[in-house]
Amino acid sequence: GSAAARELWLSQLDGLPRARKGMGRQPVSVQRTEGSEIVFGIAPCSLALSQARRDLFRVLVKQSGGSRRAAMGELVLRATARGVPVLQVPRRELDGLCPGQLHQGVCLEATPLRFKSLEDAERAELGDGESRSRQLLWLLLERIQDPMNLGALLRSAYFLGVDRVVTSRRNSCPLTPTVSKASAGAAEVFDVYSTDDLQSFLKAKAAEGWEVVGTVSKPEDAEDVPVISCLEFRWNKPTIIVIGNEGEGLSLETQLLCHRMLAIPPGRALHPGIESLNVSVATGILLHSICSQKRRPGD
């Protein structure tokens, strides 16, 4: 119950070292490890501690006086089990480590997440028999630059059962702590791959029999590629859904490699200027429309 959770959290805090306070309102000095970054938020920090994808240096938690969440006690226990030092610091120190971000009273100093190579993806595909599945879905992101959008895209892809996420390496957002927080920690557990040559990748997958499906907000924007409503799409072969840049959509070179384009039909006549959806919202709708067709065991 809540009382037990509170006792767990308080008992963990009692044994934690506190950072030495500076004089007056001087900020506490936490020496950063070279090459590290600050992951923030309960879910990203907890999931990062549960995986072996980062090198972990220390956990910083807000000194007592605020939240008494069971999740915080569990996080401290997890850090202790991993041998990661845990230090109590004033809130202003956490605020300084991730300015303007909602850290929820916890930060984790760790090495950055990296994209995986497509060669790793191909080896994994060959190893687990995925290539024989007709209902295999990959999400390909072209020049997604907003970390909040990238995080939301990863969260939706993970939740809805996308098998792989691939992003173009150039002109795309890296896997920053903001991405991890916006993904509710999905970035900590869901591999993201990248490619330097998105068009060659699509050509190769099309040659293997995959369907390449692009996305467009307005059907008239598609260049020489048939456009259908996402409600009409039938998932009957391995498929790659390609999502374009927030402002410009898919590049012309990528559009012309798509077998067809999907559009989301609006529910009313739209005023000029608000005729499209946020890229992460649109992707969630498209993925749900497709993933709802997935066969369940026994079907």
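Q: In this predicted model, where buried means under 20% relative accessible area, is Thr167 buried or exposed?
A: Let's start with the cut-off: a residue under 20% relative accessible area is buried, and one over 50% is exposed. Thr167, which lies in strand E7 (residues 164–168), has a relative accessibility of 2%. By that value, Thr167 counts as buried.

Q: Which residues is Thr167 in contact with, leaving aside its neighbours within four places in sequence?
A: Thr167 is part of strand E7, and the question sets aside neighbours within four places in sequence. What remains is Phe115, Leu140, Leu141, Ser172, Val192, Tyr193, Ser194 and Thr195.

Q: What does helix H3 reach from its first C-alpha to its last?
A: Helix H3 covers residues 70–82, which is 13 residues. At 1.5 Å a residue, 18 Å is expected, and the helix comes close to that. Its reach is 19 Å.

Q: Within what arc do the buried residues of H3 fall, seen down its axis?
A: The buried residues in H3 are Met72, Gly73, Leu75, Val76 and Ala79. Seen down the axis of H3, they line one face of the helix, because they fall within an arc of 160 degrees.

Q: How many residues apart in sequence are the parts that the Glu37 and Arg54 pair ties together?
A: The side chains of Glu37 and Arg54 meet in a salt bridge at 2.8 Å, N to O. Glu37 lies in strand E1 (residues 37–40), while Arg54 is in the loop between helix H2 (42–50) and strand E2 (56–62), so the pair ties together parts that are 17 residues apart in sequence.

Q: Are Glu37 and Arg54 buried or exposed?
A: Glu37 has a relative accessibility of 13%, and Arg54 has 5%. With the cut-off for buried at under 20%, Glu37 counts as buried, and Arg54 also counts as buried.

Q: By about how much of a helix are Arg91 and Asp95 separated?
A: Arg91 forms a salt bridge with Asp95, with the closest N and O atoms 3.8 Å apart. Since the two are four residues apart in helix H4 (residues 91–97), their separation is about one helical turn.

Q: Which residue meets Glu248 in a salt bridge?
A: Glu248 is exposed, with a relative accessible area of 63%. Its side chain takes part in a salt bridge of 3.4 Å, N to O. The partner is Arg143.

Conventions:
Residues numbered from 1 in each chain as written. Predicted model: local features only at pLDDT ≥ 70, side-chain atom pairs only at ≥ 80, totals over all residues. Heavy atoms only, no water. Buried < 20%, exposed > 50% of the residue type's maximum accessible area, 1.4 Å probe, protein only. Contact = heavy atoms within 4.5 Å. Expected span 1.5 Å × (residues − 1). Arc of directions from axis to C-beta. Salt bridge = Lys/Arg side-chain N within 4 Å of Asp/Glu carboxyl O.
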